[in-house]
Amino acid sequence: LFKTNIKDAYSQYLNKEIATDNEENMFLIILVSAIICIGLTMYMFAKLGTVPLMGIIFGVKGTDVAHVRGMISSSRVMNPYIQNLIVLGLTPTLSFIAFLYAKITKKNRWRILFLALFIASIFVKTYNYSKSPVVFYLIMFVFIIIVTNGMIPIKKVFSLGVVCVLIMMLMYFRSGYDFHDGIYIYNGPI
């Protein structure tokens, strides 16, 4: 339609250096957004009265995780749009942006901001005792590295896969899942 060679345009786009124009302004925007997201995340956990990741890590024996997960999922601690869009959606997205800027600029302020957003995102991804969103969140970093570096050695991808499986297994173990009953497609790590 527009007499554009899409292959050439896409190839130029992929080979173009990543630009960090207006990095100072971008940092301020991401910082303010991060403060809002982290503040709302802390508010959400305060209203929930629990931090599920801590429950998974330190595992309280006798806790019915399925029951607590249902209660958390059905409770309304804040406006669902704010919870879903800002806390559960924007926090991890900001961590990806901060990761990219930290990787490209190699500045400590971006690294610290990324670390804070990464920790908040891990807490957010487990806010209702779910386990697999953490793994999918971590896998997104693989895609970001592939886009920025062009590739990742297969050994690193395999290592990340092993780490992700171990994280899920640990989370299932800590949340009281009984592996002696068997592993089924609708119940358990699969």
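Of the 190 residues in this protein, 32% count as buried. The model is predicted. Among contacts with a separation of 6 or more, 71% join residues 24 or more positions apart.

**Helix H6**
- H6 covers residues 108–125.
- Its 18 residues should span 26 Å at 1.5 Å a residue, and the end C-alpha atoms are 25 Å apart, which agrees.
- Buried residues in H6 are Trp110, Leu113, Phe114, Leu117, Ala120, Ser121, Ile122 and Val124.

**H5 against H6**
- H5 spans residues 80–105.
- The H5 and H6 axes lie 8 Å apart, and the packing angle is about 150°.
- The two helices are therefore roughly antiparallel, a label given to angles over 145 degrees.
- The crossing of H5 over H6 is left-handed.
- H5 contributes Val87, Leu88, Thr91, Pro92, Leu94, Ser95, Ala98, Phe99, Tyr101, Ala102 and Thr105 to the contact.
- H6 answers with Trp110, Arg111, Leu113, Phe114, Leu117, Phe118, Ala120, Ser121, Val124 and Lys125.
- By class, this contact holds 15 nonpolar, four polar and two charged residues.

**Helix H2**
- H2 runs over residues 23–48, 26 residues in total.
- From first to last C-alpha it reaches 36 Å, close to the 38 Å expected at 1.5 Å a residue.
- Glu23, Phe27, Ile30, Ala34, Cys37, Thr41, Met44, Phe45 and Leu48 are the buried residues of H2.
- An α-helix has 3.6 residues a turn, so residues three or four places apart point the same way.
- Gly49 follows H2 and has a positive phi, near 80°.

**H2 against H6**
- The axes of H2 and H6 come within 10 Å and cross at roughly 30°.
- That makes the pair roughly parallel, since the angle falls under 35 degrees.
- H2 also passes H6 in a left-handed crossing.
- On the H2 side, the contact involves Glu23, Glu24, Met26, Phe27, Ile30, Leu31, Ala34, Ile38, Thr41 and Phe45.
- On the H6 side, it involves Arg109, Trp110, Leu113, Ala116, Leu117, Ala120, Phe123 and Val124.
- The class count here is 14 nonpolar, one polar and three charged residues.

Terms used
Residues numbered from 1 in each chain as written. Predicted model: local features only at pLDDT ≥ 70, side-chain atom pairs only at ≥ 80, totals over all residues. Heavy atoms only, no water. Axes fitted to C-alpha atoms, helices over the stretch in contact; angles between N-to-C directions. Helix = DSSP H or I, 4+ residues; strand = E, 2+ residues; numbered from the N terminus. Parallel < 35°, antiparallel > 145°, perpendicular 65-115°, else oblique. Left-handed = near helix turned anticlockwise from the far one by under 90°. Contact = heavy atoms within 4.5 Å. Nonpolar A, V, L, I, M, F, W, Y, C, P; charged D, E, K, R; others polar. Expected span 1.5 Å × (residues − 1). Buried < 20%, exposed > 50% of the residue type's maximum accessible area, 1.4 Å probe, protein only.
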